[in-house]
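Reader: I'd like to go through this model label by label. Tell me what each description rests on.

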Amino acid sequence: MASAWDALERLERTWSPARGFPNVLAEVNNQPLGRRYMLTALTFFLIGGVLAILMRVQLAVSENTFLGPQAFNELFTMHGSTMMFLFAVPFLEGLALYVLPMMIGARDVAFPRLTAYGYWVYVFGGLVFYASYLIGAVPDAGWFGYTPLSTQRFTGVSTDFWLLGLSLVEVAGLTAGVEIVVTILKFRAPGMTLARMPLFAWALLIVGIMILFAFTVLLTATLLLECDRALETRFFDADRGGSNLLWQHLFWFFGHPEVYIMFLPATGIISMIVPTFARRPAVGYSLIVVALMVTGFVSFGLWVHHMFTAGLPSLSKSFFTASSLMIAIASGVQVFAWIATLWGSGPRLATPLLYVLGFLFLFVLGGLTGVMVAVVPFDLQVHDSYFIVAHFHYVLIGGVLFPILGGICYWYPKVTGRLLSRRLGLWSWGLTFLGFNATFFPMHIMGFLGLPRRVYTYQRDLQLDGYNLVSTAGAFVLGLGSLLLLIDVVISRRRGRLAGDSPWGGDSLEWTVTSPPPPYTHHTFPIVASRTPAWAPSDDAADERTKRIVEELAGEPRDWRATLVTDAVDASPQAIQYLPGSTYLPFWTAVASMTAAIGILSRAYILSAFGGAATIIALVLWLRPKQRIVRLLRRSGLAERTGLTVFPTGTLSTAWWGTLGLTTIAGSSVGALLYSYFYIRLFSEQWPQGGIGLPDWRLATLAIGLLTTSVPAVGWGLRQLRRGRRWPTKAGFSAGLVGGGAYVVLQLVELSRLGFSPSESAYASLFYVLNVAALLLAATGWALHLAVQIRLWRIADEALPEATLQLEIAALYWTFAAAAGLALYATLYLSPRIL
Amino acid sequence: MTAHDRTGIEQRRLWFGLLGGGIAWTGQLIAASFISEWGCFSGLGDRHVGGLMMITWLLIGVSLAMAALAAVATVVAARLHARWRTDGGPGSVDSPYDSSEAFLAKAGVIASGLFLFIIVAQSIPIVFFLRGC
């Protein structure tokens with residue numbers, strides 16, 4: 001017994017979060033970081049809420065002078081940006097990071113240090129954003145930052161605060177996207193096939209993939225706009241061949257999926273709460289999963305419905321109208337499935353379920369007005385009116401905030417071990433529901449009566465004072481309702497009733513661990529045999545191998561962090577993944593990233609270069625293989641006891657999947673650049689613009705030829721590695737190094753001898769930026785190759801298998817860099833000669 | 001052909017069945033968006049053949065091709081599902097109800113079928129209602 005206690009204590013010590021300052025800066029475990037994400041997001045929610053109330057005070061009566069037009073512009077910009085970028089998405093990411101490992105039977109998320117980096121970058125992004133108040137240059141161009149309003153000609157440094165703060169937050173979002181996808185695919189408990197995965201995890205998987213595409217496009221767009229502002233490129237300068245509509249296309253290509261990036265996890269929350277309180281499995285599980293998939297896909301095809309008044313051809317608009325109507329089918333399927341689950345079940349009306357019922361009512365209303373605004377003639381009438389404000393608040397507050405508040409009530413006992421107050425919960429729900437409807441329902445009518453949005457006041461003879469006053473009073477009630485819940489959250493932390501492990505009797509795995517959960521989450525990896533594992537725990541269905549592995553890993557390893565890796569599709573055990581412990585590296589990498597952003601903000605490019613260099617150095621320190629860990633894994637004996645590898649390679653390794661995520665992000669960015677090129681090309685009478693001649697193809701062709709021919713050589717080297725042949729491996733990878741090096745040098749020569757500057761025209765800007773993108777992608781790959789080459793030459797033959805993963809990653813990235821380089825080459829050098 | 005090869009082919013069919021409809025819809029939307037904007041900007045909207053604009057014919061062509069792709073994906077998913085709903089899929093140890101392969105095949109039938117419907121629905125206005133840019 002003593003040794004069992006000792007083992008448990010060692011396991012606990014290994015996973016326990018660091019306490020006290022500065023140790024908290026080094027924490028990488030998902031539980032404290034998930035909590036921090038949620039608390040930080042709730043802080044931004046409070047700030048955003050105060051900004052909204054200030055706006056409502058201004059609009060309470062006509063011709064009010066409480067705020068001036070400039071302050072009002074700043075408030076609606078900061079309110080929208082805060083709620084969209086700093087509250088809703090980060091909160092859901094934090095919830096995902098906290099709950100996911102518990103729910104799918106893992107001990108942590110796939111990349112703990114990346115989680116920590118993402119959190120700090122998010123905090124710093126928010127701070128940069130709000131630092132604008134300190135120097136009185138608050139962003140005022142709207143949360144969508146339309147050009148030309150957001151260009152240097154019309155706004156000063158305020159828009160730089162917006163762009164750079166946002167860029168950091170987007171990077172945080174991307175890290176969470178990769179984290180969520182890889183965790184779900186590789187860390188599911190044995191037996192948790194895709195057909196048994198909790199619906200919340202399904203929603204998050206789809207959202208994680210969406211983030212990789214959508215956030216990257218916005219990140220690319222914000223960088224292009226910052227280039228226009230700081231470096232005088234011409235992407236959005238109509239006088240020099242650029243296009244303001246291009247910004248709208250890029251922004252809304254992100255902006256509409258963004259709505260679903262918030263909404264789908266919210267539906268995932270609903271899909272967890274409803275079966276729990278209906279005490280029966282979700283009706284239409286397969287249909288809900290398909291609805292999530294279809295929504296994820298179709299959400300990328302709706303962006304133009306934000307641009308119906310921008311003068312696009314009717315033909316084009318008709319396709320987007322149809323897509324916008326079709327997404328209602330997918331959403332409707334989910335709504336009917338939840339109603340069917342509740343129907344006749346005699347559900348227990350606890351606070352989380354009340355929020356679900358509120359959600360159903362409000363979201364259906366918001367969805368119906370969404371179908372209305374998808375119809376072009378109707379949209380032309382109500383565009384930029386308060387009808388739109390009402391519509392999207394019904395969707396976002398009804399469809400996202402209500403599930404979030406319900407989720408807080410639902411998982412709070414798990415996080416803290418204590419229940420929220422039922423009485424305060426009822427008051428909070430009632431006030432929030434009433435306040436919300438009082439605030440936003442009159443806005444439909446005001447919109448119909450012609451009140452435009454984003455104006456700081458209105459004339460008395462419009463006779464809208466009554467509606468506005470009700471709306472403002474409602475905003476205070478809504479604020480009070482939300483505040484009550486937050487007060488309850490604080491008070492119940494110490495004074496709430498003890499919750500027990502499963503206060504609601506939920507059906508998923510998080511309810512099988514203690515409340516609050518131990519830092520290692522699962523002492524013994526669960527074996528899943530149904531969609532409701534907490535209701536029907538059974539390992540009878542598992543094969544002997546799985547049972548033996550789970551038994552061997554019960555409370556193991558004790559002295560280092562690790563989790564079980566399973567197959568992405570059928571969740572059979574594949575490997576044991578080492579997970580890093582506390583380290584300051586993510587924090588300092590985030591500080592370096594912020595320094596680079598501040599350098600651009602203050603036009604101190606040396607500071608920016610210093611921040612960039614420091615980020616790269618920190619990343620090198622972060623990623624370099626550590627012999628100490630290799631020795632630890634070799635000596636552990638876990639491989640022999642379980643029959644699983646402790647040096648996973650290829651698709652068994654989370655690092656391989658992470659690299660795939662990285663290449664998806666980089667590929668999306670290249671896609672956004674190519675879209676920008678062809679969009680501007682489409683509307684240019686003359687190409688290349690401004691009298692610039694066709695690009696000289698000879699040097700570029702030689703460069704791309706060298707780059708692409710090095711890919712088969714690297715692939716051959718990889719095959720030799722798998723056969724254990726050291727020298728042919730070195731030869732193959734050396735060919736990649738030479739080919740890549742030559743490409744980088746030739747690209748630099750090409751850029752240095754261009755006879756035009758990027759400021760001349762949009763074409764010139766595109767030519768430079770696309771070439772620089774190809775150069776950066778190849779240079780990164782080359783640096784990666786150099787690092788693995790050095791390792792390859794230094795390690796002993798018997799250590800070759802342990803270096804396999806690095807070589808596979810280098811090869812995977814190299815293939816991507818060459819493909820991207822080829823696409824960019826074909827666009828820049830071949831397409832002008834053909835199209 | 002070895003059992004391993006057969007499994008590989010079936011896996012590729014499965015993913016095609018699951019994602020083919022969505023990819024076809026994406027292709028139709030992006031192509032239609034570019035064709036409409038480029039056609040209307042370049043003056044192609046003024047040229048008519050058989051009572052319809054040249055652009056409309058192009059859009060019909062793209063839509064038919066993408067509808068065909070989505071239809072093939074639906075059929076592929078349906079055939080896999082018909083087989084796997086009894087045995088759970090290649091190498092599956094789970095019951096057909098819980099096997100990932102059988103589940104994804106079923107999801108493919110519904111998803112690709114729905115995308116086929118969306119493609120057809122999106123094409124109706126250009127053929128029957130919209131007569132100009």
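Predicted model: local features only at pLDDT ≥ 70, side-chain atom pairs only at ≥ 80, totals over all residues.

Reader: Which residues of α3(A) and α6(A) make the contact?

Author: Ala96(A), Leu100(A), Met103(A) and Ile104(A) come from α3(A), with Phe200(A), Ala201(A) and Leu204(A) from α6(A). By class, that contact has seven nonpolar, no polar and no charged residues. Being in contact takes C-beta atoms, placed from the backbone, within 7 Å. For the classes, Ala, Val, Leu, Ile, Met, Phe, Trp, Tyr, Cys and Pro are nonpolar, Asp, Glu, Lys and Arg charged, and the others, Gly among them, polar.

Reader: And the numbering?

Author: Residues count from 1 along each chain as its sequence is written, while chains are lettered from A and ligands numbered from 1 in the order in which they are written. Helices (H or I, at least four residues) and strands (E, at least two) are DSSP runs, numbered from the N terminus.

Reader: What makes α2(A) and α14(A) roughly antiparallel?

Author: The axes of α2 (residues 30–59) and α14 (residues 465–495) of chain A cross at roughly 160° and come within 9 Å. That clears the antiparallel cut-off, so the pair gets the label roughly antiparallel. α2(A) passes α14(A) in a left-handed crossing too. On the α2(A) side the contact includes Leu42(A), Gly49(A) and Arg56(A), and among their partners in α14(A) are Asn468(A), Phe476(A) and Leu486(A). The tally for that contact is eight nonpolar, six polar and one charged.

Reader: How do you know that α7(A) is roughly parallel to α9(A)?

Author: Their axes lie 9 Å apart, at an angle of about 15°. That angle is below the parallel limit, so α7(A) is roughly parallel to α9(A). The crossing of α7(A) and α9(A) is left-handed. Thr267(A), Ile270(A), Val274(A), Pro275(A) and Ala278(A) of α7(A) meet Gln334(A), Trp338(A), Thr341(A) and Leu342(A) of α9(A). This contact splits into six nonpolar, three polar and no charged residues.

Reader: Which domains does the assignment give chain A?

Author: Domain 1 runs 30–495 and domain 2 runs 661–834; these bounds come from an automatic or database domain assignment. The C-alpha centres of the two domains of chain A lie 37 Å apart. Contact between them takes 24 residues of domain 1 and 21 residues of domain 2. On the domain 1 side, α5 (157–186), α6 (199–230) and α7 (244–278) of chain A each give two or more residues. α6(A) gives the most there, with seven.

Reader: How many residues does the contact take from chain A and from chain B?

Author: Chain A gives 27 and chain B gives 32. On the chain A side, α8 (285–298) and α9 (314–342) each supply two or more, and α9(A) gives the most, with eight residues. The chain A side divides into 17 nonpolar, seven polar and three charged. Chain B averages a pLDDT of 85, and 88% of the residues score at least 70; pLDDT is the predictor's confidence in each residue, from 0 to 100. The model scores ipTM 0.89 and pTM 0.94.

Reader: Where is Pro688(A) found?

Author: In the loop between α20 (654–682) and α21 (698–722) of chain A. A cis peptide bond joins Trp687(A) to Pro688(A), with omega about -5°. The bond from Glu556(A) to Pro557(A) is cis as well, with omega near -15°.

Notes. Contact = placed C-beta atoms within 7 Å. Axes fitted to C-alpha atoms, helices over the stretch in contact; angles between N-to-C directions. Parallel < 35°, antiparallel > 145°, perpendicular 65-115°, else oblique. Left-handed = near helix turned anticlockwise from the far one by under 90°.
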